[in-house]
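Reader: Please take a close look at one part of this model and tie it to what surrounds it. Keep it brisk, and give me the cut-off behind each term.

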Amino acid sequence: MISKIYTLLYQQYGPQGWWPIQGVYKTKKEYTAQERWEIILGAILTQNAAWKNVEKALQNLPTTDPQVLKNNPQVSTWIRSAGYFNQKTKTINSTIAFFQQYPTLQEAAQDKELRQKLLQVKGIGPETADSILLYALQQPYFVVDTYTKRIFARVGVTKAKVGYEKIQQQIHKKIDTKNFNEFHALLVEHAKRHCTKQNPRCTDCPLNRVCTYAKTHK
DNA sequence: TACCAGGTCCTCG
DNA sequence: CGAGGACATGGT
């Protein structure tokens, strides 16, 4: 069923080309350090926030250079629009300090225990850690977000309340590593276009033939 | 007005 | 563990 969801969404929406920063990354395979930091910052800023507000915050930053941002008192005002700006400022500082133990981000990516270590950083939970690993460092971890949980629960793949690692493992078993990036992006697009929290649009939903929720909510 | 948006931490039972 | 509250802005 998980593979079927991927196929149906890909047929409907086509390649998404994430991570979504003003279209810049859509054709790139290798990122510069500056671009990787922009992704890391975006991953932190988007915690329970609308992406539009995150973009605004990123545009307010004069740079994504961690040396400039670290412990910079202006950061909390620059990122204000993303919400929770006091917490996120601390998380940004902690994350910059964390990565400074590595010579480069590329070398951090070689650390086999990087995920576990990232989860020790206050403010970095499983979703943010996996967003950093997958999108900034190209490591094979699927990003489970609120959209993934909602769509899977409605379709009937998972129970309403299943843990993060559990649902991630199911996806890791069924989806090819090279498509983790694309699948997550497709789920986000689908959640916004059809599988909204309130009043989902099931009538013309590309998943309605395989969805438990759609069958009971016409 | 109330609710939602690509979470995480802390506390309590 | 799991539930519940705190953290904060901007759009509808």
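Author: Searching the whole structure turns up 0 disulfides; a disulfide here is a pair of cysteine sulfur atoms within 2.5 Å. Cysteine 205 is in none: its nearest cysteine sulfur belongs to cysteine 202 and sits 6.2 Å away. Cysteine 205 has 12% relative accessibility and counts as buried. The classes are buried under 20% relative accessible area, exposed over 50% and partly exposed in between, with a 1.4 Å probe and protein chains only.

First, the ground rules. The model is predicted, so local features need pLDDT of at least 70 and side-chain atom pairs count only at pLDDT 80 or more, whereas totals for chains, interfaces and linings use all residues. Residues are numbered from 1 along each chain as its sequence is written, chains are lettered from A and ligands numbered from 1 in the order written, and side-chain values use heavy atoms, leaving out hydrogens and water.

Now the part to look at: helix α2, residues 33–45, and its partner, helix α6, residues 85–99. Helices are DSSP runs of H or I with at least four residues, strands are runs of E with at least two, and numbering starts at the N terminus. The axes of α2 and α6 come within 10 Å and cross at roughly 145 degrees. Axes are lines fitted to C-alpha atoms, for helices over the stretch in contact; angles run from 0 to 180 degrees between N-to-C directions. The crossing is right-handed.

Which residues of α2 and α6 meet? From α2 come Trp37, Ile40, Leu41, Ile44 and Leu45; from α6 come Lys88, Thr91, Ile92, Thr95, Ile96 and Phe99. By class, this contact has 8 nonpolar, 2 polar and 1 charged residues. Nonpolar covers Ala, Val, Leu, Ile, Met, Phe, Trp, Tyr, Cys and Pro; charged covers Asp, Glu, Lys and Arg; the others, Gly among them, are polar. Contact means heavy atoms within 4.5 Å.

Helix α9, residues 126–136, holds threonine 128. Threonine 128 is buried, at 6% relative accessible area. Apart from residues up to four places away in sequence, threonine 128 touches Ala43, Ile44 and Gln47.

Next, the loops. Asparagine 48 is in the loop between α2 and α3 (51–60). Its phi is positive, about 50 degrees, although it is not a glycine. Asparagine 48 is exposed, at 68%. Alanine 49 is found in the loop between α2 and α3 as well. Alanine 49 is partly exposed, at 22%. Beyond neighbours within four places in sequence, alanine 49 contacts Val54, Ala82 and Lys88. Between α5 (75–78) and α6, the loop contains tyrosine 84. Tyrosine 84, not a glycine, has a positive phi of about 45 degrees. At 45%, tyrosine 84 is partly exposed. A cis peptide bond joins it to tryptophan 18, with omega about 10 degrees.

Chain A has domain 1 (2–17 + 143–216) and domain 2 (30–136), with bounds from an automatic or database assignment. Their C-alpha centres are 26 Å apart. Across the two, 11 residues of domain 1 contact 7 of domain 2.

Terms used
Left-handed = near helix turned anticlockwise from the far one by under 90°.
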